[in-house]
Every structure is written in structure tokens, then in C-alpha cells.
Amino acid sequence: MTQEQSSLLLARRDPSQNVARFYRIEITPDLFGGVVLIRNWGRIGHHGQERRHWFADLPDAQREQQLWLRRKLRRGYGTQEADGGND
């Protein structure tokens, strides 16, 4: 398995409803040869919440990442460049 990292950053903004939210979906290798899908979400400018899911191989993690991406795009989120910050 290639030791690579993949990150998607999504944002949803609607000033009329005071909505400013982010959603990050990241795949990173773990120490045991598997991969971890990390979901981080919350209000832009705050740390938010985080959930981690462990997978034995990269294709399973990528399928789960695409599943979450489709869910969030249906909810009105748009893609942005992942720069390491959530503001």
C-alpha cells in the first residue's frame, strides 16, 4: 500500500441563515499498515468535532470517503482547497 494522505475540505455558507460550516474528510496511514478516515466538522473558525474510522486497506477507506463526500454535497456543501486550517 502506498503511504499517501488524501484530504477533502468542504464548506457551507449562508449569511442569511448565519450558516458557516466546514467538513473535512481525510485519509491517512496508521502505524499498523492500515488507513484511517478522519472526519472533522463544525463551525468555521472553531475546532469542531472529530470521528475516526479504521480500515485494513486504502480502497475501502476511499469508498467511505466518497460516500461522505456525496452526502455532504447533497446537503449543500461545496469543495475547497484543504490547506491545513479550518477557517
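In what order do the five strands of the open sheet lie? I began with this and read off E4-E3-E2-E1-E5, with antiparallel pairing; I took strands as DSSP runs of E with at least two residues, helices as runs of H or I with at least four, both numbered from the N terminus, and two strands as paired if DSSP finds at least two bridges between them.

Before going on I noted that this is a predicted model, in which local features need pLDDT of at least 70 and side-chain atom pairs count only at pLDDT 80 or more, whereas totals for chains, interfaces and linings use all residues. Residues are numbered from 1 along each chain as its sequence is written, and side-chain values use heavy atoms, with hydrogens and water left out.

**Sheet and helix**

I looked up the edges and found strand E4 (49-55) and strand E5 (78-80), each of which pairs on one side only. Strand E3 (residues 35-43) runs antiparallel to E4 and is joined to it by seven bridges, and I noted Phe55 in E4 as the bridge partner of Val35. Helix H1 (residues 58-74) packs on the sheet, touching strand E1 (6-14), strand E2 (19-29), E3, E4 and E5, where contact means heavy atoms within 4.5 Å. The direction of H1 makes about 170° with that of E2; axes are lines fitted to C-alpha atoms, for helices over the stretch in contact, and angles run from 0 to 180 degrees between N-to-C directions.

**Aromatic rings around Tyr23**

I then searched for aromatic pairs (rings of Phe, Tyr and Trp, the last by its six-membered ring, with centres within 6.5 Å; planes under 30 degrees apart count as stacked, over 60 as edge-to-face and the rest as tilted), and the whole structure gave three. Tyr23 and Trp41 are stacked, at 5.9 Å centre to centre and 15° between the planes. Tyr23 lies in strand E2 and Trp41 in strand E3, so this pair ties together parts 18 residues apart in sequence. The rings of Tyr23 and Trp68 have centres 6.3 Å apart and planes at 25°, so I recorded that pair as stacked too. Tyr23 is buried at 3% relative accessible area, and Trp68 is buried at 14%, with buried meaning under 20%, exposed over 50% and partly exposed in between (1.4 Å probe, protein chains only).

**Glu50**

Last, I checked Glu50 in strand E4, which counts as partly exposed at 44% relative accessibility. Glu50 and Asn40 are 10 residues apart in sequence and 4.3 Å apart in space, C-alpha to C-alpha.
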